[in-house]
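Here are my comments on the chain you sent over. Please read them with the structure open beside you.

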Amino acid sequence: DTTAAAVSTTIAGGPTSVAPPTTLPAVKIDVLAIGDSVMLGAAPELSKYGITVDAKKSRPFKAALEIVNYVKSIGALGDEVVVHLGTNSGTTAETMDAIFTALAEVPKGVVLTNAVPDHKWEEGNNSLIRALPDKFPNVTVVDWKLLVDESSSSNGTQS
């Protein structure tokens, strides 16, 4: 941990006080979770485990790129980034490539598939998500769609 001390400098020739540029390293976000309303609902529980949640209702996949680039630009990307987006709309391979190229230096990226039955973009998003580890070896897919489907079918068969 690095602590900052307030520094005041007097410049020769006048009583002007200036603050030196900050050279302290940014505080790393160990686990950053980026999501939409689904993650927003889980945020209180995730926060209990020390996960930093950045979730917003109706957030599209492409918004993750801006968030990742910002956190990266301030040197705060930690060891894990979890992404759960796509509940509200489809995405493209280009958007996915841009997001996960920006996360290439993060040791572990975790992406959850979409479970949004009766929405035409679900299958397309999930195909793109499931293909990520082939291109980005640091990415792990949690197949939430599969888990939801298995849970639904097992609930109906138990007596």
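The points below go from the overall fold to single residues.

1. Overall make-up. This is a predicted model. The chain has five helices and seven strands. In sequence order the pattern reads β-β-β-α-β-α-β-α-β-α-β-α. Of the 159 residues, 34% are buried.

2. Contacts and surface. Take the contacts with a sequence separation of 6 or more: 66% of them join residues 24 or more positions apart.

3. Main core. Which residues have the most contacts inside the largest nonpolar core? They are Ile34, Phe61, Val71, Val81, Phe100, Leu103 and Leu132, in a core of 24 residues. Two strands, E3 (29–35) and E5 (77–84), each give two or more residues to this core. So do three helices: H2 (63–73), H3 (93–102) and H4 (122–135). As background, nonpolar side chains tend to be buried together in soluble globular proteins.

4. Another core lies apart from the largest one. This one has eight residues, including Val31, Ala55, Val82 and Leu112.

5. Strand E3. Is E3 largely enclosed or open? Six of its seven residues are buried, so E3 is largely enclosed by the rest of the structure. The cut-off behind "buried" here is under 20% relative accessible area.

6. Neighbours of E3. E3 pairs with E5 in the parallel sense, over six bridges. Val31 of this pairing sits opposite Glu80 in E5. E3 also runs parallel to strand E4 (residues 52–55), joined by four bridges. There, Leu32 has Thr52 of E4 as its bridge partner. E3, helix H1 (residues 37–48) and E4 together form a right-handed β-α-β unit.

7. Ile34. What does Ile34 touch beyond its neighbours within four places in sequence? Its contacts include Ala64, Ile67 and Val68. They also include a run from Val81 through Val82, Val83 and His84 to Leu85. Met39, Asp54 and Arg59 complete the list. Ile34 is one of the residues with the most contacts inside the largest core.

8. Strands E6 and E7. Strand E6 (residues 108–112) and E7 run parallel, with four bridges between them. Val110 faces Thr140 of E7. From E6 the chain passes through H4 to reach E7, and this β-α-β crossover is right-handed.

9. Asn138. Please look closely at this residue. Asn138 is in the loop between H4 and strand E7 (139–142). Why does Asn138 count as buried? Its relative accessibility is 14%, and the cut-off is under 20%. The side chain of Asn138 reaches two backbone oxygens: that of Leu103 at 3.0 Å, and that of Val106 at 2.8 Å. Leaving out residues up to four places away in sequence, Asn138 touches Leu103, Ala104, Val106, Pro107, Lys108 and Gly109. Leu103 is also listed among the residues with the most contacts in the largest core.

10. Ala131. This residue lies in helix H4. Its relative accessible area is 37%, so Ala131 is partly exposed.

11. Ser58. Check the backbone here. Ser58 has a positive phi, near 65°, and is a residue other than glycine. Ser58 sits in the loop between E4 and H2. At 46% relative accessibility, Ser58 is partly exposed.

12. Asp118. Here too the backbone deserves a look. Phi of Asp118 is positive, about 70°, although the residue is not a glycine. Asp118 belongs to the loop between E6 and H4. Is Asp118 buried or exposed? With a relative accessible area of 82%, Asp118 is exposed; the cut-off for that class is over 50%.

Note on methods
Residues numbered from 1 in each chain as written. Predicted model: local features only at pLDDT ≥ 70, side-chain atom pairs only at ≥ 80, totals over all residues. Heavy atoms only, no water. Core = buried A, V, L, I, M, F, W, Y, C linked by side-chain atoms within 4.5 Å. Buried < 20%, exposed > 50% of the residue type's maximum accessible area, 1.4 Å probe, protein only. Contact = heavy atoms within 4.5 Å. Polar contact = N/O pair within 3.5 Å; in protein donor to acceptor, adjacent residues only side chain to side chain. Pairing = 2+ DSSP bridges. Right-handed = clockwise from strand over helix to strand, strands pointing away.
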